[in-house]
Amino acid sequence: MRSTAHSRRESTTRTASDGRTVGVLVVDDSRVFRAGMTRAVQACQQMELLGEADGGEQGLEAIAELDPDLVILDLCMPDLDAIGVLHALRAQDPPPRCRVLVISATLDDAVEAELRAAGADACLSKALTRADICDVGLRLVAQ
């Protein structure tokens, strides 16, 4: 895990519907996609990149440490996939307050239904622009 900022509990520069920035954690085992997604988050004025992780296990640790508003989570990772991460988050008492946006190169209706049942707030294709993914993330947090 690479933390690039601080937890949202320590942040004083947030902007969502209440005027604060949205703290974001990017979790993806693809270094190329993760780098592009983190750049997109950093380019969005309403978002603050809190950190990034290259797998599900590191993602869970980062969620506990950084307390993000939004987690952009890859579906398929070798150590723990998105469904495993979602189940682990739901098993916590209380579960984290973050919204989870699952992204995947291979997303179909059955997989999306399984992700939603596991607790995903939204599911998107990696084929979308990074800016579109950020826009959906902002809307999720504003709900």
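What follows covers the fold, then two residues.

Modeller: This is a predicted model, where local features need pLDDT of at least 70, side-chain atom pairs count only at pLDDT 80 or more, and totals for chains, interfaces and linings use all residues. Residues are numbered from 1 along each chain as its sequence is written, and side-chain values use heavy atoms, with hydrogens and water left out.

Biologist: How many helices and strands in the chain?

Modeller: There are 5 helices and 6 strands, taken as DSSP runs (helices H or I, at least four residues; strands E, at least two) numbered from the N terminus. From the N terminus the order is β-β-α-β-α-β-α-β-α-β-α.

Biologist: What share of the residues is buried?

Modeller: Buried residues are 50% of the 143 in the chain. Buried means under 20% relative accessible area, exposed over 50%, partly exposed in between (1.4 Å probe, protein chains only).

Biologist: Cysteine 98, then. Buried or exposed?

Modeller: Buried, because its relative accessible area is 10%. Cysteine 98 sits in the loop between α3 and β5 (99-104).

Biologist: Which residues is it in contact with, leaving aside neighbours within four places in sequence?

Modeller: Cysteine 98 touches Ile63, Pro68, Asp69, Leu70, Val71 and Asp121, contact being heavy atoms within 4.5 Å. Valine 24 is 74 residues from cysteine 98 in sequence and 9.2 Å away, C-alpha to C-alpha.

Biologist: New topic. Where is aspartate 79?

Modeller: In the loop between β4 (70-74) and α3 (82-91). Aspartate 79 counts as partly exposed because its relative accessibility is 42%.
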